Amino acid sequence: MSQLVIFDTTLRDGEQSPGASMTKDEKVRIAKSLEKMKVDIIEAGFAAASVGDFNSIQAVAQAVKNSTVCSLARAVDGDIDRAAEALQAAEMARIHTFIATSPIHMEYKLRMSPEQVIERAVYAVKRARNLVADVEFSCEDAGRSDDDFLCRIIEASINAGARTINIPDTVGYAIPEEFGYKIKTLLNRIPNADKAIFSVHCHNDLGLAVANSLSAVANGARQVECTINGLGERAGNAALEEVVMGLRTRSDLFNMSTNIDTSQIVPISRMVSSITGFPVQPNKAIVGANAFAHESGIHQDGVLKHRETYEIMKAEDVGWGANKMVMGKHSGRAAFRARLDELGVSFESDQALNTAFARFKELADKKHEIFDEDLQALVSEVRTQDNKYELVTLQAHSQTGEIPTAKLTVSIEGKESECESQGSGPVDAAFKAIEDLANSGANVQLYSVNAITSGTDSQGEVTVRLEKGGRIVNGLGSDTDIVVASAKAYIDALNQLESGSDKAHPQAHAV
Ligand code: KIV
Ligand code: ZN
């Protein structure tokens with residue numbers, strides 16, 4: 001069997017999903033889980049994007065020991081140097097530098113000639129190689145780039161020291177057969193191709209990211225770049241869980257293995273969903289709630305007689321059913337802290353631990369069985385301290401035939417104010433009341449409610465996506481009462497709008 005390198009970019013490309021920004025602590029939690037799942041390379045961010053990204057990469061580099069930690073960098077001095085600086089503490093560090101190679105990008109975005117682009121790529125790879133031993137070079141928009149040109153720039157980059165060559169289908173334009181053929185052509189035609197691992201990075205604009213990645217593997221690619229739940233720019237990237245399980249389930253075709261511990265897939269999918277506020281659709285392959293549920297009587301009958309009649313994978317192999325009831329109202333602070341430690345959560349201060357523990361006790365009073373998912377949601381909620389807005393009390397009234405109302409007390413910079421409003425339902429009334437107080441002028445782009453665990457006593461996890469002046473933020477709230485969860489999520493989003501953070505987009509500038 002050949003070995004496939006799994007490169008996870010949830011913390012970089014995944015974070016480029018509008019509204020999916022993560023805090024440093026959240027990134028460290030996800031990175032620790034990716035390490036536990038045995039991901040080979042974790043792209044922790046784009047160091048030059050912002051101080052926040054730089055600090056997150058630094059923290060991930062300190063926390064992770066068994067996976068390579070990587071930073072993205074455009075092919076410019078400042079980006080490459082900043083990436084190396086952020087990665088200083090990493091046990092194994094990689095700089096991933098890139099430049100666009102398609103005619104449309106070179107002419108209109110870079111305003112550079114093909115010769116200048118090759119020169120710049122070689123320069124960037126050499127500069128990165130002087131700082132770290134492991135350098136990856138990407139030909140942005142390779143899916144729409146000319147193969148002759150790709151052969152020239154890749155040969156030169158390998159000569160300059162790149163040991164991984166990434167072929168991204170940046171705009172998700174490729175079709176599996178065509179993309180596989182591209183990889184095969186490059187491997188056959190580039191004289192020094194054997195000195196590098198060829199990688200692919202596929203976007204999902206036509207819903208083909210996983211199919212294109214697998215076709216590339218069948219044609220010689222030995223690294224796949226992917227994200228948990230397929231998160232990523234626009235329609236997202238290839239989903240890690242689908243790539244890994246596709247290769248494993250059809251090992252008869254691929255004869256390819258990965259290091260991934262697949263039993264970690266569902267827990268990490270839930271963690272990423274809870275942290276980013278991007279729910280997983282029920283019919284999503286591998287990690288959707290219905291992925292292993294059989295509704296039709298004929299299917300149920302078949303599965304009961306012989307599981308493999310309708311199941312090609314075992315639910316337990318990807319971590320379904322792994323989460324047990326972990327805690328209850330009698331659990332103490334030490335047990336609470338120990339369980340969160342196992343989930344990769346640590347607290348910066350005793351005060352943060354105390355706040356989280358107090359919330360846990362409140363929850364345990366309402367809900368007897370507390371699962372890992374409840375703890376994840378609880379921690380996501382207490383992630384930010386020193387918020388401008390805090391929900392103090394909420395009273396909602398709805399009755400058939402009457403107009404729903406909500407009355408809230410909200411603390412604004414420590415001073416309590418009351419607000420009250422009517423709405424089409426209690427959630428709408430609560431949002432209107434909060435908005436009357438905050439006067440943010442933000443637009444609600446998305447409102448979604450998800451049950452965190454099964455059972456009617458489950459907490460509802462609410463995501464509210466607000467947009468203001470082009471900035472998009474996702475607020476999260478969880479509670480056994482979904483009106484309260486909704487108000488918390490709206491307030492969380494307002495706090496994020498208040499805190500503001502400016503971040504450069506990796507593909508936004510010339511080079
Ligand atoms: O999609 C893309 O081309 C990228 C590169 C920066 C690798 O994300
Ligand atoms: Zn990408």
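A: **A loop residue and its surroundings**

Apart from neighbours within four places in sequence, D205 is in contact with V171, G172, R234 and A235. The model is a predicted one. D205 belongs to the loop that runs between strand 8 (197-202) and helix 8 (209-218). Is this residue buried, partly exposed or exposed? The relative accessible area of D205 is 34%, so D205 counts as partly exposed.

The metal site comes next. The zinc ion (ligand 2) is coordinated by D13 through OD and by H201 and H203, each through NE2, at 2.0 to 2.1 Å. Along the chain, the donors of this zinc ion follow the spacing D-x187-H-x1-H. Both H201 and H203 are buried, whereas D205 is partly exposed.

The axes of helix 13 (residues 333-342) and helix 15 (residues 372-381) come within 11 Å and cross at roughly 90 degrees. The two helices, helix 13 and helix 15, are therefore roughly perpendicular to each other. On the side of helix 13 the contact is made by F336, R339 and L340, and on the side of helix 15 by D372, L375, L378 and V379. Sorted by class, this contact of helix 13 with helix 15 has five nonpolar residues, two charged residues and no polar ones.

A sheet and its covering helices follow. Three strands form an open sheet in the order 13-14-15, with antiparallel pairing. Strand 13 (389-397) and strand 15 (415-422) are the edge strands, each pairing on one side only. From one strand to the next, the twist averages 15 degrees. Strand 14 (residues 405-412) and strand 15 run antiparallel and are joined by eight bridges; K407 has E420 in strand 15 as its bridge partner. Helix 16 (residues 426-438) lies across strand 13, strand 14 and strand 15, and runs at about 135 degrees to strand 15. Helix 17 (residues 482-499) also packs on the sheet, where it touches strand 13 and strand 14, and its direction makes about 150 degrees with that of strand 13.

Another open sheet of three strands has the order 16-17-18, again with antiparallel pairing. Its edge strands are strand 16 and strand 18, each of which pairs on one side only. Direction ignored, neighbouring strands of this sheet are turned by 15 degrees against each other on average. Strand 17 (residues 460-468) is mostly covered, with eight of its nine residues buried. Eight bridges join strand 16 (residues 443-451) to strand 17 in an antiparallel arrangement. Within this pairing, N450 stands opposite E461, and V444 has L466 of strand 17 as its bridge partner. Strand 17 also pairs with strand 18 (residues 471-479), in the antiparallel sense and over nine bridges; here E467 stands opposite I472. Strand 17 and strand 18 form a hairpin with two residues between them, and G469 in the turn has a positive phi of about 55 degrees.

Note on methods: Residues are numbered from 1 along each chain as its sequence is written. Chains are lettered from A and ligands numbered from 1 in the order in which they are written. This is a predicted model: local features need pLDDT of at least 70, side-chain atom pairs count only at pLDDT 80 or more; totals for chains, interfaces and linings use all residues. Side-chain values use heavy atoms; hydrogens and water are left out. Donors are N, O and S atoms within 2.8 Å of the metal (3.2 Å for Na, K and Ca); water is not among the atoms, so sites may look incomplete. Buried means under 20% relative accessible area, exposed over 50%, partly exposed in between (1.4 Å probe, protein chains only). Axes are lines fitted to C-alpha atoms, for helices over the stretch in contact, and angles run from 0 to 180 degrees between N-to-C directions. Helices (H or I, at least four residues) and strands (E, at least two) are DSSP runs, numbered from the N terminus. Angles under 35 degrees count as roughly parallel, over 145 as roughly antiparallel, 65 to 115 as roughly perpendicular and the rest as oblique. Contact means heavy atoms within 4.5 Å. Ala, Val, Leu, Ile, Met, Phe, Trp, Tyr, Cys and Pro count as nonpolar, Asp, Glu, Lys and Arg as charged, and the others, Gly among them, as polar. Two strands pair if DSSP finds at least two bridges between them.
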